[in-house]
Amino acid sequence: MADQRVIIIGGGLAGLAATMKIAELGTKVLLVSFQPVKRSHSVCAQGGINGAVNIKGEGDSPEIHFYDTVKGGDFLANQPLCKDMCYHAPFVIYLLDRLGVPFNRTPEGNLDFRRFGGTLHHRTAFAGATTGQQLLYALDEQVRRFETRGLVEKMEWHEYLGAVLDSEGRCVGATINNLRTGEIRSERGDAVILATGGPGLVYGRSTNSMVCTGTATTSAYLQGAKYGNPEFIQIHPSAIPGRDKLRLMSESARGEGGRVWVPRKGGDERKPKDIPEAERLYFLEEKYPRFGNLVPRDVGAREIYDICINEKLGVHGEMKVYLDLTHKSREFLDDRLGGILEIYEKFTGVDPREEPMEIFPAVHYSMGGIWTDFESTDDGFINHQSPQNQMTSIQGLYAAGEADYQYHGANRLGANSLLSCIYTGLMMGPGVVNYLKNLPQAASEMPSSMFDGDEKRWKDRFSEISQMSGSENPYALHNELAEAMISNVLIVRENEKLGATLKVIEDIESRWKNIECVDTQDWTNPVPSFVNQLWNMIQLSKIITMGALQRDEFRGSHYKPDFDLNQPDDFDPADYLEFEDQKFNGGVHKDQFASSHLDYMERFEKNNENWLKSSIATYNNGKPTIDYEQVDTSLIAPRPRKYD
Amino acid sequence: MSRMLKFKIKRQDSKESSPYWEDFTVPYKANSNVISCLMDIQANPLNSKGEKVSPVVWDCSCLEEVCGSCTMVINGEVRQSCSALVDKLEEPIRLEPMSKFPVIRDLAVDRSRMFEALKKVQAWVPADGYHDLGPGERISPEHQHVAYKLSECMTCGCCVEACPQYSKNNDFLGAAAMNQARLFNMHPTGKSLRKDRLDVLMQAGGISDCGNAQNCVEACPKSIPLTESIADLGKQASKQFWNNLFSS
């Protein structure tokens, strides 16, 4: 067959991992990125990457990692993928080690591992507190190596606008916008991979980088690709407030012994160091003696909300709590957390080695994303040769990393995102290459008429945007969208507010048509591109909000107090397995369980029948609809979560 | 009236056009950094005279000083604009693009030369492949401390902006790329390309072009010991020079 190539959109960890794997297999890659790939949002990941290497002899194993991941995600993730990822995690870490990532070491020179949320094991490999940056650099270096050999061509300062589809709906290329010249061109590609990260900017200020608009995945959704679990947005318990963004304060601060507390008495304005131990409320440690400060993020964020809003114990009466590392030595802190402590000091002027940090919850990660497929093997792993792996519902269009929906269920565990990004990028490589081999015709041989239509469609769209001369400033309109999302589609969700938010979004959508394109130059004009992104953010915010409105339950990051099943405090999740077992074997011995537990288990079971399903958003005739799809829970039986 | 912040911004419409200064006033808000003020200008693009102008163009991404994108010259000092808190800056706050790179538009510049330099010094580990080959070599914590510090370089450009030797008219590699050469020369497998890297560093644009002004290390936002890296490479290069001499 004539020359073939894969177009990869996005140069973060998932995009770079896919690039180097596919290039290694001898297939050419066109790597398209909004900015130099070395500046991708993956650099913001701080704490580390999970893999059950069991370096501390704690009896950790990939199977326990798998269980923690599935439980952390409240059983909403497709299990064969999680299993395959967790079993490959030690290999991924070893590979990164070989590629030169300066991971922290034990005295003997082995890779060191630290604690993270949602597990009781030391499972997180780390390079100071800038692990994402270090991992990204290692992959960036490998890709640069392929670039010098001609296997990878980079198009930086280019933006993906949409997929080019043939008459059968198969993806044969991508339409790309040159952010310098404004030139729009359809590029030929036998497969296209979207590795474009998450959509934090839908919420305006989040822990995400300014490029994380979710516009590429939303564009795929608007072209007909299914979008999974949009309502599952992770709120990270610990960030620093800021006017332009909310800077992450890594979970590793707690993994290394950081303690979260508030003054026991509301309105206590003494300096934190003047508040004696007995007058501090370590609310996570008190309520969750087993996991303590390392409960999963959904639990942590909810507890901070509860202590600040319902108990009114927030620091300075605000939605803030202390994160305290002052009991650790400077040397220890600088070695293991230096990067984030410097950031805190630079942005707040306070030295967190001396004073407790003031932190609050912030939008951090989207568990949801473009729906993608997989092919499992009989023993519950993934067939790495299958072209179906990571393929969206549009043939030939793939997604990987935060852009896809299926590894983290209803809540992601800390340090699993670097893993899922690199794992998917590497794992999907052979399947994508096999997909190319089986194609009837190379994209390079197709008539140019196949590509002209899309090119013209996008040129017309951008030319219309450039001429918009209404009265709405696009950046100010974005701030309004963000305000609506932050106020109503965050930690605690109520149907009435969600319904009202949909109306606000629709209003913003109609005002979008009255935008003024505030920059009219042809050269390096970011405004038309932003106006287009804003349209996509509006469309995405609709399905995030609709998904949340329709899902009448409490699962992982999606908390609706009205639908809380109210697990009894003394309930043991093992009882539920026994209950299910007895049911399967003919009947429940009701006298064996407390009646409140029995009621709870009935409620839990009923709720799972209704809601243990992926939400699938599709866009038809200008309107979103959300349906539901079964989750593959074939390997670990769903059960109530408990961390105390 | 509430307090206003004054900005003087050096603007340039395109690569070829001439630069000009434009004044902006932005309402003061607590905890502002330079970027949040540039965002305020985007949302209300008026200059100090109240004239409608196109919003200022600048590059940024992570906003927490780890991507290197938003580097510019602020009150005469090269630094990241995300960590430039306005409370600590004298007014009017002067924003200029870096001077050592071609201006793209306004405060955005083209730093591709820095990434090209990374290719020249082969800043990578020549791995056999990406399949399962087990862990890498054991590395002492002391070695890791040194390597980690060098590896924090985000190719932001502060070091070369501050360097008197680095200019648009020469091909000096600059401190950032040389620091990467040192990093990979000390890696257990990366060092297999040591000789190739040193050969490049011994050519024009390499180590001998460093004037030892030591501005780079002062300007580095991550406090990377850049001068130490260049000195270390200097020693490696002289050894190589004698080796080359006697083996030829």
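Mentor: Strand β12 (residues 233-240) of chain A and β13(A) pair in the antiparallel sense, over 2 bridges. Strands here are DSSP runs of type E with at least two residues, helices are H or I runs of at least four, both numbered from the N terminus, and two strands pair if DSSP finds at least two bridges between them.
Trainee: Which residue is the bridge partner of A:A239 in β13(A)?
Mentor: A:L248.
Trainee: And what packs on the sheet?
Mentor: Helix α8 (residues 297-310) of chain A does, touching β12, β14 (259-263), β16 (321-324) and β17 (357-366) of chain A. The direction of α8 makes about 60° with that of β12(A). Axes are lines fitted to C-alpha atoms, for helices over the stretch in contact, and angles run from 0 to 180 degrees between N-to-C directions. Contact means that the C-beta atoms of two residues, placed from the backbone, lie within 7 Å.
Trainee: What's the strand order?
Mentor: β13-β12-β17-β16-β14-β15 in chain A, an open sheet of 6 strands with antiparallel pairing. At the edges are β13 (247-248) and β15 (280-281) of chain A, each pairing on one side only.
Trainee: Before I go on, what should I know about the model and numbering?
Mentor: The model is predicted: local features need pLDDT of at least 70 and side-chain atom pairs count only at pLDDT 80 or more, while totals for chains, interfaces and linings use all residues. Residues are numbered from 1 along each chain as its sequence is written, and chains are lettered from A and ligands numbered from 1 in the order in which they are written.
Trainee: How is chain A divided?
Mentor: Into domain 1 (5-43 + 130-232 + 367-450), domain 2 (242-361), domain 3 (468-550) and domain 4 (565-630). The bounds come from an automatic or database domain assignment. Between the centres of domain 2 and domain 3 of chain A, taken over C-alpha atoms, there are 32 Å.
Trainee: Switching to α12(A): which residues are buried there?
Mentor: Among them are A:Y475, A:L477, A:L481 and A:M485. A residue is buried if 20 or more other C-beta atoms lie within 10 Å of its own, exposed if 12 or fewer, and partly exposed in between, with C-beta atoms placed from the backbone.
Trainee: What covers them?
Mentor: The cover includes α13 (495-512) and α14 (526-550) of chain A, together with α1 of chain B.
Trainee: How many residues of each chain are in contact with the other?
Mentor: 56 residues of chain B are in contact with 57 of chain A. On the chain B side, the elements giving two or more residues are α1 (34-43), β6 (103-105), α2 (112-120) and α3 (141-151). That side has 26 nonpolar, 21 polar and 9 charged residues. Ala, Val, Leu, Ile, Met, Phe, Trp, Tyr, Cys and Pro count as nonpolar, Asp, Glu, Lys and Arg as charged, and the others, Gly among them, as polar.
Trainee: And chain B by itself?
Mentor: Chain B has 8 helices and 7 strands, and 50% of its 248 residues count as buried. Its domains are domain 1 (4-109) and domain 2 (112-247), with 31 Å between their centres, taken over C-alpha atoms.
Trainee: Last one. Why does B:V217 count as partly exposed?
Mentor: Because B:V217 has 19 C-beta neighbours inside 10 Å. B:V217 is in helix α7 (residues 215-219) of chain B. Leaving aside neighbours within four places in sequence, B:V217 is in contact with B:P225, B:L226 and B:T227.
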